[in-house]
Amino acid sequence: MKVGRYAVLLAARDSEFVEKVYGGYFNVFIAAFGEEGERWDLFRVVDDEFPDMSELYKYDGFVISGSPYDAYGNDYWILKLCFLLQTLDAMEKKVLGICFGHQVLCRSLGGKVGKACSGWDIGLRTVKVVKDLWVPSSLEELDEMPSSLSIIECHQDEVFEVPMGAQVVAFSEKTGVEMFVIGQHILGIQGHPEYTRNILYNIIDRLLDNNSIQRDIAEKAKFGLETAEPDRKSWEKICRDFLKRRQNSSFS
């Protein structure tokens, strides 16, 4: 039986908190999406560490992380990442983009991203799933898809326009494109399926300390997480099933 091989394209540097508690964001992703017997590699693209183009065929899927950088920026590593994503799309490799990853994936393939007019979205958000579009597009192996799911959000940029051929499969009151798919191989998610409550708490504190957000936004976000839970198990299942082409799965 073939052993699955996957790569995390890390677009953020590990915070002291994540390094101390989880050993780095790479471990957070493996805990959320990885399974026993698989091989997962780490490429710190934010530090210009990329997979060899001649080795891409060896991978079954790629995950692009979130980032404090703008997906519409022209930093060298971001432009290099865009080229890599275009290559992976042409190869029809499975690519899962999360937050910044969702946005830069969209940009790479011809969509439009930018600063959200409505400002920061931080905390728990209910996402509405367009089931009629979702099931036949890229995750038809799922027996059951909830009509709504809660997810942790932390972003001030968003997708304005998806690439040609893409379908918007989820939205929220705050963000018009919460998820999009292209064929069987591209999935973008604006929220953070991998985040735990304490990771977001720490990010909120850091954003507050450097005056990136106002105190009322921080308090509202923390209160929301104290009174409700994200649907982490369902999100993790969606991501694993997408990456691994799993058949006959359900949310039971």
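## Terms and basis of the model

Helices (H or I, at least four residues) and strands (E, at least two) are DSSP runs, numbered from the N terminus.

The structure is a predicted model, in which local features need pLDDT of at least 70 and side-chain atom pairs count only at pLDDT 80 or more, while totals for chains, interfaces and linings use all residues. Residues are numbered from 1 along each chain as its sequence is written, and side-chain values use heavy atoms, with hydrogens and water left out.

## Helices H3 and H4

Two packed helices are described by the angle between their axes and the distance between the axes. Here, axes are lines fitted to C-alpha atoms, for helices over the stretch in contact, and angles run from 0 to 180 degrees between N-to-C directions. For helix H3 (residues 76-90) and helix H4 (residues 100-108), the axes come within 9 Å and cross at roughly 70 degrees. H3 and H4 are therefore roughly perpendicular to each other; angles under 35 degrees count as roughly parallel, over 145 as roughly antiparallel, 65 to 115 as roughly perpendicular and the rest as oblique. H3 passes H4 in a right-handed crossing. A crossing is called right-handed if the near helix is turned clockwise from the far one by less than a right angle, and left-handed if anticlockwise.

Contact means heavy atoms within 4.5 Å. On the H3 side, Trp77, Ile78, Leu79, Leu81, Cys82, Leu85 and Gln86 meet Phe100, Val104, Leu105, Arg107 and Ser108 of H4. Sorted by class, the contact of H3 with H4 has nine nonpolar, two polar and one charged residues. In this sorting, Ala, Val, Leu, Ile, Met, Phe, Trp, Tyr, Cys and Pro count as nonpolar, Asp, Glu, Lys and Arg as charged, and the others, Gly among them, as polar.

## Aromatic pairs

The structure holds six aromatic pairs. Rings of Phe, Tyr and Trp (its six-membered ring) pair if their centres lie within 6.5 Å; planes under 30 degrees apart count as stacked, over 60 as edge-to-face and the rest as tilted. In one of the pairs, the ring centres of Phe43 and Tyr59 are 6.3 Å apart and the planes stand at 75 degrees, so this pair is edge-to-face. Because Phe43 lies in strand E2 (residues 39-43) and Tyr59 in the loop between E2 and strand E3 (61-64), the pair ties together parts that are 16 residues apart in sequence. Both Phe43 and Tyr59 are buried, a term for under 20% relative accessible area, with exposed over 50% and partly exposed in between (1.4 Å probe, protein chains only).

The rings of Trp77 and Phe100 have their centres 5.8 Å apart and their planes at 35 degrees, so the pair is tilted. This pair links distant parts of the chain, with Trp77 in helix H3 and Phe100 in helix H4, 23 residues apart. Trp77 counts as buried at 8% relative accessibility, and Phe100 is buried with a relative accessible area of 1%. Elsewhere, Phe43, Tyr59 and Phe62 form one aromatic cluster.

## Residues with positive phi

Most residues other than glycine have a negative phi, and most peptide bonds are trans. Cys99, which is not a glycine, has a positive phi near 55 degrees. Cys99 lies in the loop between strand E4 (94-98) and H4, and is buried, with a relative accessible area of 5%.

Asn211 likewise has a positive phi, of about 65 degrees, although it is not a glycine. Asn211 is exposed, with a relative accessible area of 68%.

## Helices H6 and H7

H6 and H7 pack at an angle of about 170 degrees, with their axes 10 Å apart. The two helices H6 and H7 are therefore roughly antiparallel to each other. Their contact is made by Arg197, Leu200, Tyr201, Ile204, Asp205 and Leu208 of H6 and by Arg215, Ala218, Ala221, Lys222, Leu225 and Glu226 of H7. The residues of this contact divide into seven nonpolar, no polar and five charged.

Asn198 lies in helix H6 (residues 197-209) and counts as partly exposed at 30% relative accessibility. Leaving aside residues up to four places away in sequence, Asn198 touches Phe17, Val21 and Tyr22. The C-alpha atoms of Asn198 and Phe17 are separated by 9.4 Å, although these residues are 181 residues apart along the chain. Phe223 has its place in helix H7 and is exposed, with a relative accessible area of 53%.
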